[in-house]
Amino acid sequence: YASVAGLQQELGLACTVHMPFLWIEPASLNETIRQASLASLRQAAEVTRAVDVHSYVLHLWGFTTGQVVSQLQDPAQHQAVVDVLMWQAGRSLAALCEIVDPAKLCVENLEDSLFDLALPFIEQHGASICLDIGHLALQGGSELNFLEQHGDRIREIHLHDALVPPSGGQQRAGDHLALGQGQIDYAAFLEKLTELGFDGPVILEVNSQADLEQSLDQLKEYL
């Protein structure tokens, strides 16, 4: 990371850090797991201190939390579990805000439906938002509406295309696609960013060199 910092100074690059998210559960009801997750996240913040970091992207809950919530059918049980999960998530966010500037700590909206429930304590702690428009599309949300509602708190954007087939269709849903391979109107999205004066990082979050090149080709007129 010291080498990255040197390159950053030489080339004038902006840098962001995506905090660890595999095997991480900051909202875990198992307190040992939550504390271990916090230790891993703290370590990530510590080892990147040499770099001038614009934003730290955080998954405030992990895959297991989303799976557990999706399986709870009884409304009362669902609400009780979600309430405790969000309480744990809020505790973890508060702890991380003690070691990272809250304004630089960006909670990402994930593929599940929990993000809106986290908004009160995101605002309470002065944290920011990382908008992932592919994840939002899979949830049936509108990226333009999200910008209107949360534009003043969004500090980083993950840009990729997504495919959301009609209900009951045979086609599989997917995100992290190259721009132009899905259904997102990224042109309208970028125009809205310009209108709002957004000047933070926009990360092309795709999975291959070919997808990166295709996405950049789609963005030529905006660069």
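1. Ground rules. The model being predicted, local features need pLDDT of at least 70 and side-chain atom pairs count only at pLDDT 80 or more, while totals for chains, interfaces and linings use all residues. Numbering runs from 1 along each chain as its sequence is written, and side-chain values use heavy atoms, with hydrogens and water left out.

2. Helix α3. Helices here are DSSP runs of H or I, at least four residues, numbered from the N terminus. In α3 (residues 63–71), the buried residues are Thr65, Gly66 and Val69; buried means under 20% relative accessible area, exposed over 50%, partly exposed in between (1.4 Å probe, protein chains only). Looking down the axis of α3, these buried residues fall within an arc of 95 degrees, so they line one face of the helix; the arc is taken from the directions from the helix axis to the C-beta atoms. Phe63 and Gln71 are exposed on the face turned away from that buried side. The cover over the buried residues includes α4 (75–96).

3. Cysteines. No disulfides turn up anywhere in the structure, a disulfide being a pair of cysteine sulfur atoms within 2.5 Å. For Cys106, the closest cysteine sulfur is that of Cys130, at 6.3 Å, which is too far for a bond. Cys106 is buried at 0% relative accessibility, and Cys130 is buried with a relative accessible area of 0%.

4. Gly90. This residue sits in helix α4 and is buried, at 11% relative accessible area. Setting aside neighbours within four places in sequence, Gly90 contacts Phe121 and His125 (contact: heavy atoms within 4.5 Å). Gly90 and Ala118 are 28 residues apart in sequence, with a C-alpha to C-alpha distance of 7.6 Å.

Definitions and conventions. Helices (H or I, at least four residues) and strands (E, at least two) are DSSP runs, numbered from the N terminus.
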